[in-house]
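The following paragraphs go through a protein model from a local detail to the whole chain. Please keep the sequence and the coordinates at hand while reading.

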Amino acid sequence: MASIDDLKSRIDLHDLAEKLGLKRGVGKLANYHSPAHDDKSPSLSVFTRKGSQGWKDHSAARGGTCIDLVMYVEGCDTSAAIKRLHELYGIPFDTPAPREQREKSRAEFIADRCMAERLKAIDYLAGERGIHEDVARRAIEKGAVGYNDYVSPKVPAGEHGHGGPAVAFVVKTLNPGHVVAVDMRYLNPAINGGTKTQCQGEKQGYGWTSDIKRLLAAKTIYLVESPINALSIECCHLYDSAAFAIRGTGNAGNIDFSWARGKQMIIVMDNDEPFPEGHAQAGFRPGLKAAWQLHERLTAMDISALLVDQEEWQYNDVNDILKKEGADVLKRHMVKLEPWLIPGMPASRDGELFDRAVKRRIYLPYHHDLKYWRYRVRPEFTSYVAKVESGAEGEVQMEYTELAGFRVASISRVTIASATATMSGDEDSQAHTMFAVSVQTTRHGAQLLRKVVDDDKLHNIDTWKRFGPVWNQAQFLRMINILENAAHLGARHAANFVGLCWREGRLIVNEGPDCYFTNPDQQCPYHNLTFPSGSRQDARKVIEAYQHTFERSAALLALVWGLGGHLKVLLGFWPHMQMQAKKGMGKSTLIKRLERSIGFTMFSGQSLQTEFRLLTSISHTSHPIGWEEISARRQEILNKATALLQENYQYTVNRRGSEMTEFLLSAPVLLAGEDVPMRDIIGKLVRTELKVKGPLMPEDLPRFPVREWLEFLTGFSPAQVRGIYSAFRAQCLRMSRATEADEGATRMAGNYAALLTAWRLLCEFADIDVKQGNFPTDLVAGMNAHINETSADREPWVWIMETLLNELATSNFKAPYQWGLVADQECLIIRTSDIMHHLSSTPALREAWNALPIKSDRVFKRQLLDAEVIINDSVERTIGMRRVAHMAAISLARLADYSLYAAPNALFETDLAPA
């Protein structure tokens with residue numbers, strides 16, 4: 001279609017007003033009469049401002065463009081208005097870009113057939129079901145309702161499967177709206193063997209709504225059992241609300257309600273009679289039991305869920321009320337919510353049930369039952385019945401007093417897995433129990449506030465005062481004591497980890513809201529993170545954009561590293577990343593794009609000034625984080641940062657504070673800057689260098705579907721992933737320029753093999769070729785360059801010798817030493833024990849000493865011998881009129897091979913000491 005700007009520039013509003021049939025006043029410049037109501041004088045004017053036309057109905061405060069005028073006059077939506085303008089002015093429709101063709105499913109084929117004569121559904125919905133015709137038509141226009149008159153030629157009339165006229169309810173996914181099922185409601189069940197309803201397609205896990213956009217935009221959602229009940233609620237025209245049918249009570253535990261976060265959910269299941277005696281669930285109402293299950297699931301997701309009060313209902317469902325009482329009566333029922341402390345569990349004044357034949361949601365001991373009926377709640381408020389009096393005509397009058405300025409939605413027992421079980425999947429032997437308190441307040445609307453507390457804080461009134469005012473503390477704590485009986489409702493097992501992790505021996509995707517931290521702001525940087533979601537086509541677009549924006553796959557390497565960090569629970573480790581670039585190369589821009597693409601967080605150097613802040617930035621997640629310009633921090637912070645990076649290469653448990661709050665150090669870290677002085681952990685990081693720029697990534701680049709990527713990884717076992725890793729590790733070792741004796745290079749090759757493993761899985765996920773863009777070749781080239789340039793930095797003895805040579809050059813070394821020839825080689829003759837003593841006892845070298853990974857002379861000397869820089873380790877020399885024995889002759893030529901250059905301050909003397 002033509003763009004909106006094209007339509008505005010091509011269409012004259014005066015001409016459009018005439019085509020739409022608007023009546024104009026007397027005179028050439030007169031206004032038009034309003035299409036919305038009868039006005040005595042014309043009130044709709046057309047004006048020109050800044051070269052473009054607009055209109056305004058002064059009597060109705062409406063105005064806008066040509067599209068808005070069509071919507072105003074004909075009462076249609078935006079897409080229909082644009083189509084109408086194309087028809088009125090003969091503007092050709094643009095040919096849409098060809099989409100990827102795929103074979104239609106059976107459900108999609110049936111849905112297409114049901115659209116041919118869909119208007120026939122109105123007769124049944126408006127006639128027999130009492131649905132308002134405008135509601136039915138709107139559902140038909142949205143493609144949610146159709147009509148099917150298929151009759152099977154093989155099954156005779158009167159038998160199941162014969163078919164016949166039926167209203168079809170088309171079930172679609174909420175994003176992107178693909179048809180997954182078609183529910184049939186047969187108009188004459190007798191010819192179909194008595195079968196009233198039938199489902200073609202997926203039954204479990206999907207619900208029905210008449211308008212997906214309206215559902216996602218609404219603030220209040222009514223949950224019902226059937227599509228007819230959903231349409232019945234829409235007849236009430238409740239403000240800013242929508243209806244969602246779960247398609248049967250058996251589906252209450254299968255539907256994903258993640259889309260409902262931030263919305264107020266109102267549960268209106270059917271008012272069924274309880275199952276009869278002899279039934280496995282005798283005494284339970286099917287609809288009410290499904291409502292309990294929905295309430296538990298939604299509350300666990302921090303979504304406010306309340307039940308409609310059905311105490312006075314004389315009908316089975318909302319459609320019965322609509323047919324017999326009308327929309328106004330139904331609307332009054334829909335806004336009357338249950339006042340009970342425990343949703344779905346009514347009580348009478350004497351503590352007994354209204355209906356003894358119906359089983360209660362939980363069992364309350366007698367002393368709690370006597371008090372339970374006094375507590376009454378509204379969505380974000382709690383009251384208490386302080387006094388009950390009998391009126392003159394026998395009616396009961398209750399006097400309410402304010403109890404709390406919030407509603408306690410639930411107190412649930414949560415079993416939290418230990419760090420070892422979370423990271424390894426082993427049987428949990430150290431799980432601990434906490435209590436999740438969910439509260440609804442006015443300031444947060446329908447989003448429940450959740451706090452995790454221990455036993456000793458559950459009855460601490462200060463804990464509750466953090467949510468809002470508590471006016472009567474004694475009665476409030478009595479209420480908490482009653483709610484303890486419902487702690488098993490919504491009881492769950494949880495893992496305090498954001499990313500891919502293990503829970504009860506099963507690999508799962510855990511997001512921030514799925515965790516139960518006692519101090520979330522401190523314990524995890526992603527405690528409120530929900531992963532970006534999308535399609536695999538989005539994944540391909542993102543990968544291609546990152547591959548081209550810098551040459552040699554430098555940017556893609558960072559993306560693969562970030563996404564592959566979630567493989568830590570399968571591989572047992574994950575390297576950190578060093579990103580280096582010159583000024584102006586676009587490092588900061590790339591990091592910002594990475595933040596947008598995968599939900600990554602980069603911490604500024606100013607926020608990492610203490611060890612505790614460093615620790616809190618890397619705990620309880622495998623989703624990567626970044627440290628910006630860590631090299632600009634003081635040496636003390638660098639030393640502590642290095643120690644933490646050593647620990648979270650795999651994972652480590654750390655406990656801090658008087659309450660021993662647990663921190664699971666596990667996040668891979670991106671170290672960005674022009675110079676990242678982290679030679680202590682060279683063997684635990686990979687590197688990318690931004691050297692040659694490519695084209696900029698487009699601003700409309702979609703986010704990477706991290707959620708779908710993690711769900712894809714849950715289909716792999718640790719053995720499968722480790723098998724892929726082993727093959728790539730062997731390949732990297734074959735192609736490495738280092739020798740097998742270089743253990744540091746071997747570990748580095750293993751780190752790059754982990755990235756190749758992530759790339760291999762990403763290619764399968766996004767359906768792209770593994771060799772696309774020569775990524776494996778670029779990665780191996782980068783690995784060999786990294787190994788070659790850090791051959792010296794990987795050895796701690798090199799760092800020690802570097803410091804020693806500086807001390808010798810400035811004449812700060814006081815122990816005996818000598819420059820001399822040993823076996824015809826220029827050497828530094830010195831005792832290794834004196835070197836280590838000098839480093840440990842010199843105040844100016846205190847920071848350097850603390851940062852060293854080795855502290856003993858024995859290990860230092862062994863490393864020198866392994867590097868073959870010591871020619872002779874039993875040299876004797878006379879130095880300063882004193883004979884010094886057990887000295888080591890360190891070859892200056894071999895030191896130069898490690899980029900260590902000495903500055904001798906004396907002539908070399910011939911070795912006269914015995915060998």
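In this predicted model, E868 is exposed, with a relative accessible area of 52%; the cut-off for that label is a value over 50%. The residue is found in the loop between α32 and β30, the strand at 870-879. Most residues other than glycine have a negative phi.

S553 also has a positive phi, about 55 degrees, and is not a glycine. Is S553 buried or exposed? With a relative accessible area of 3%, S553 is buried, since the limit for that class is under 20%. S553 sits in the loop that runs between α19 (536-549) and α20 (554-564).

An α-helix has 3.6 residues a turn, so residues three or four places apart point the same way.

The next topic is a pair of helices. Two packed helices are described by the angle between their axes and the distance between the axes. For α26 (residues 718-735) and α27 (residues 743-766), the axes come within 8 Å and cross at roughly 130 degrees. This angle makes α26 oblique to α27, because values from 65 to 115 degrees count as roughly perpendicular and those over 145 as roughly antiparallel. The crossing of the two helices is right-handed.

On the α26 side, the contact is made by V721, I724, Y725, F728, R729, C732 and L733. They meet T746, A749, G750, Y752, A753, A754, L756, T757, R760 and L761 of α27. By class, the residues of this contact divide into 12 nonpolar, three polar and two charged.

The whole protein comes last. Its secondary structure comes to 33 helices and 32 strands, and buried residues make up 51% of its 915 residues. Taken along the principal axes, the C-alpha atoms fill a box of roughly 120 × 80 × 65 Å. The protein exposes about 42,700 Å², of which carbon and sulfur atoms supply 48%. Among contacts between residues at least 6 apart in sequence, 66% join residues at least 24 apart.

Terms used
Residues numbered from 1 in each chain as written. Predicted model: local features only at pLDDT ≥ 70, side-chain atom pairs only at ≥ 80, totals over all residues. Heavy atoms only, no water. Axes fitted to C-alpha atoms, helices over the stretch in contact; angles between N-to-C directions. Helix = DSSP H or I, 4+ residues; strand = E, 2+ residues; numbered from the N terminus. Parallel < 35°, antiparallel > 145°, perpendicular 65-115°, else oblique. Left-handed = near helix turned anticlockwise from the far one by under 90°. Contact = heavy atoms within 4.5 Å. Nonpolar A, V, L, I, M, F, W, Y, C, P; charged D, E, K, R; others polar. Buried < 20%, exposed > 50% of the residue type's maximum accessible area, 1.4 Å probe, protein only. Areas by Shrake-Rupley, 256 points an atom, 1.4 Å probe, with all protein chains shown as cover.
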